[in-house]
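Biologist: Before I use this model, I would like to know what stands behind the words used for it. Please show me the structure and let me ask.

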Amino acid sequence: MLKALLYISLLVSSQISFGKDLEEGKLAPPFEATTIKGEKLNLIEQTGKTIIIHYWATWCPTCREEIPIFNAYYKKHQKDGLVMIFVSIDEPADVSKVKEMMKPYEFQVAMEQDTKAKGYGRIWRIPLTFIIDKKGFLRKNAWFDDGNINEAVLDKNITPLLQ
């Protein structure tokens, strides 16, 4: 009985952490950001495009390995209506590190404190990748993903949405 109560408690708390309305196949929660270059982004204005929202940090080794993979994929599919928004969870004082690290890359970058994305849950682990289709529906919920990104994973999960 105690184990059952503990499991239910963990399940309920995980739903709060993961965002209560975050469900694949349903409309993605609102997302707004101001990039490190000062550009304003929001999901509503991106309707008709496939969107990747990726949470990362400069100090995360896995994140650092994935960035060139994402960039190569982005360069290949940007013309197909792909939008990538990388959201750094680095401390505000480390924005210069983020800017320096992201100089060679072409996709949009924002700091977490410059976003409004409550529906995605409390970001407590990284990397996290959310995929939103052209109609604004969540197609990949990062909270239930193993998180390993490579070209094959991107091709499998995103390329069909670009068609």
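Biologist: Leaving aside its neighbours within four places in sequence, which residues is Asn141 in contact with?

Modeller: Leu22, Glu24 and Phe130. Contact here means heavy atoms within 4.5 Å. This is a predicted model, in which local features need pLDDT of at least 70 and side-chain atom pairs count only at pLDDT 80 or more, while totals for chains, interfaces and linings use all residues. Residues are numbered from 1 along each chain as its sequence is written, and side-chain values use heavy atoms, with hydrogens and water left out.

Biologist: Why is Asn141 called buried?

Modeller: Buried means under 20% relative accessible area, exposed over 50%, and partly exposed in between (1.4 Å probe, protein chains only). Asn141 has 2% relative accessibility, so it counts as buried. Its place is in the loop between strand E7 (138-140) and H4; helices (H or I, at least four residues) and strands (E, at least two) are DSSP runs, numbered from the N terminus.

Biologist: What makes Glu45 exposed?

Modeller: Its relative accessible area is 53%, so Glu45 falls in the exposed class. Glu45 also sits in a loop, the one between strand E2 (40-42) and E3.

Biologist: Where does H2 bend?

Modeller: At Ile67, by about 25°, with a proline, Pro68, following within four residues. The bend at a residue is the angle between axes fitted to the seven residues ending there and the seven starting there.

Biologist: What covers the buried residues of H2?

Modeller: The buried residues of H2 include Ile67, Phe70 and Tyr74. Among the elements covering the buried residues are strand E3 (50-56), strand E4 (82-88) and helix H3 (95-102).

Biologist: Why are Cys60 and Cys63 called buried?

Modeller: Cys60 has 5% relative accessibility, so it counts as buried. Cys63 is at 0%, and therefore buried as well.

Biologist: How many disulfides does the rule count?

Modeller: A disulfide is a pair of cysteine sulfur atoms within 2.5 Å. By this rule the count is 0.

Biologist: And the protein as a whole: how many helices and strands does its secondary structure come to?

Modeller: The protein has 5 helices and 7 strands. Of its 163 residues, 45% count as buried.
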